[in-house]
Amino acid sequence: MPKKKRDAKKIVFESVNDVPKMPMSLGSMLHNKTGTWRNIRPEIKLEDCIQCGICWKFCPDMSIVIEDEWPVIDYDFCKGCGICAEECPVKCIAMVEERK
Amino acid sequence: MKKVIMGNHALSYGAMLARAQVISAYPITPQTQVVELLSEMCADGTLDAKFIKVESEHSAMASCIGASVAGARTFTATSSQGLALMHEMLHWASGGRHPVVMGDINRAMAPGWTIWSDQNDSLSQRDTGWIQFYCASNQEVLDTTIQAFKVSESLYIPSMVVLDAFSLSHTYEVVDVPDQAKVDAFLPKFQPYARLTPQKPCAFNGLTSPEHYMELRYKLEEDMEKVIPAILETGLEFERAFGRLLTLADENRCDDAEIILVTSGTAGYTAHVAVEEMRAAGLKVGNLRMKVFRPFPFDLVRRVLPKARKIAVVDRNISYGHHGIFAQEVKSALHGHTDVPVFGFIAGLGGRDITPATFREIVDYTKSHDAPEENIVWIGVKK
């Protein structure tokens, strides 16, 4: 592994030899948890969910994953844009005030 | 197999034999035939590639970059205003280390509106981080295109294969079109260092803070400095496979020459003819036809040119407020290495013919002056 210093937000390379040729992400987003930017959060009422997968498909941040055929929100990265709630055909996703 | 083909089609055959997988282009004279033939090849199945029609050259380069990130071998071609419109994307290709290969048919910049040849379009892209090859025959165009893919993909630096409008692009010559199997052995499939894939999601060319930007540029330059050795090595490998050596330049009668002409493109072939005529008349003249302009072949220029008593650089281009671009590059390479005077001539702008008589006039001037009287010596301006 190249020598790099990890803090909460980014990877800092200590040497030019460790920097990749291409400007590329190298997974730094795993450490940069953008979910903290959120003001409102989506909550799914699974009793009403018809498992159509539309929320998974529309999420621009890939923050909805399908686990055992049910949608699960990854709150580490969901920025609260509300697209899932807008697109849900049975309106089982509600956008609620973020709890700080 | 030997074929009689035009320079533009030599580029198309080069891309076909290299098995380019994505070709994206916008038509512009004098380039159009390059991608016209490739689109026919894609349509009839001769070439297993995706041909993307786009609304501008900017988008042509953008789609080549996108396809390259996805791991495809990509090709495009353009000229003049089209290349200028691509300018922003040229930086994206080199900065992102996407080894796109592009043909540029040298066409002068408008206005006045023009379709004829000079080198200001490609030389304006000098500092974009692209390799630039200047060709002088259709065979050289085809061979260089195949070589360009190999060099570009080994170092992740894009290449421009440049040829003159009409005097090469539309001129038919006999070209030995190599066997596909031999080309496949010379140029294996493109296996990128990193690419877009759902198996390993990652983002390319995103925000880079001052902590790393300079290192990325350092690495690009570090690899740029490996390009000349890579061209020499692949040139030798090409000779072993196809019997034609690919070099950095043609050195024609330079060893005992009192005056060495420095030329490029088809004007460089005309200069060969002029040199033979002048030699027959007892003038000790040589010609260095430069084929690789970026990266600049410092060692070659410093080895060949100081042997002369005078150097005459012939530019089919101009950097306004300075002088011819090859002349300024040659002077900068020789600085501190020799005191031989460098004469800078400008000729043939906007497709005006460069003939053996042009070179005789240039040699007459150089012979009869100890140093150039002016920063730029214009040849053929109606005074």
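This is a predicted model: local features need pLDDT of at least 70, side-chain atom pairs count only at pLDDT 80 or more; totals for chains, interfaces and linings use all residues.
Figure 1. Chain A contains 2 helices and 6 strands. Their order along the sequence is β-β-β-α-β-β-α-β. Of the 100 residues in chain A, 13% are buried. Where contacts in chain A link residues at least 6 apart in sequence, 53% of them join residues at least 24 apart.

**Figure 2. Chain B as a whole.** Chain B has 13 helices and 15 strands. Its radius of gyration is 21 Å, close to the 21 Å that the globule rule gives for 383 residues, so chain B is as compact as a globular protein of that length. Along the principal axes, the C-alpha atoms of chain B fill a box of roughly 70 × 50 × 45 Å. Buried residues account for 50% of the 383 residues in chain B. Among its contacts between residues at least 6 apart in sequence, 79% join residues at least 24 apart.

**Figure 3. Contact between chain B and chain A.** Chain B contributes 17 residues to the contact, and chain A contributes 11 residues. On the chain B side, 8 of the residues are nonpolar, 5 are polar and 4 are charged.

**Figure 4. Asn205(B) and its surroundings.** Asn205(B) sits in the loop that runs between α7 (180–186) and α8 (213–224) of chain B. Leaving aside residues up to four places away in sequence, Asn205(B) touches Pro23(A), Trp92(B) and Gly96(B). There are 16 C-beta neighbours inside 10 Å of Asn205(B), so this residue counts as partly exposed. Thr74(B) is 131 residues away from Asn205(B) along the chain, and 18 Å separate the C-alpha atoms of the two.

**Figure 5. The two domains of chain B.** The domain assignment places residues 2–242 of chain B in domain 1 and residues 250–378 in domain 2. Taken over C-alpha atoms, the centres of the two domains are 28 Å apart. Their contact draws 26 residues from domain 1 of chain B and 21 residues from domain 2 of chain B. On the domain 1 side, α5 (120–123), β6 (131–134) and α9 (227–242) of chain B each supply at least two residues. The largest share of that side, 4 residues, comes from β6(B). The residues on the domain 1 side comprise 14 nonpolar, 8 polar and 4 charged.

**Figure 6. Strand β6(B) and its partner strands.** β6(B) is covered on both faces. Ile131(B) and Phe133(B) lie on one side, Gln132(B) and Tyr134(B) lie on the other, and all four are buried. β6(B) runs parallel to strand β7 (residues 159–164) of chain B, and 4 bridges join the two. In this pairing, Tyr134(B) is opposite Val162(B) of β7(B). Between β6(B) and β7(B) the chain passes through helix α6 (residues 138–155) of chain B, forming a right-handed β-α-β crossover. β6(B) also pairs with strand β12 (residues 292–294) of chain B, in the antiparallel sense and over 2 bridges. There, Phe133(B) has Val292(B) as its bridge partner.

**Figure 7. The open sheet of six strands in chain B.** The strands of this sheet follow the order β9-β11-β10-β13-β14-β15 (chain B), with mixed pairing. β9 (249–252) and β15 (377–378) of chain B are at the edges and have a single partner strand each, so one side of each is left without a neighbour in the sheet. Ala249(B) is opposite Met290(B) of β11(B).

**Figure 8. Packing of helix α12(B).** Helix α12 spans residues 325–334 of chain B, and its buried residues include Ile325(B), Phe326(B), Ala327(B), Glu329(B) and Val330(B). An α-helix has 3.6 residues a turn, so residues three or four places apart point the same way. The buried residues of α12(B) pack against helices α5 and α11 (298–304) of chain B, and against strands β10 (259–264), β11, β13 (310–315) and β14 (342–346) of chain B.

Conventions:
Residues are numbered from 1 along each chain as its sequence is written. Chains are lettered from A and ligands numbered from 1 in the order in which they are written. Domain bounds come from an automatic or database domain assignment. Two residues are in contact if their C-beta atoms, placed from the backbone, lie within 7 Å. Ala, Val, Leu, Ile, Met, Phe, Trp, Tyr, Cys and Pro count as nonpolar, Asp, Glu, Lys and Arg as charged, and the others, Gly among them, as polar. The radius of gyration is taken over C-alpha atoms; the globule rule is 2.2 Å times the number of residues to the power 0.38. A residue is buried if 20 or more other C-beta atoms lie within 10 Å of its own, exposed if 12 or fewer, and partly exposed in between; C-beta atoms are placed from the backbone. Two strands pair if DSSP finds at least two bridges between them. A crossover is right-handed if, with the strands pointing away from the viewer, the path from the first strand over the helix to the second runs clockwise.
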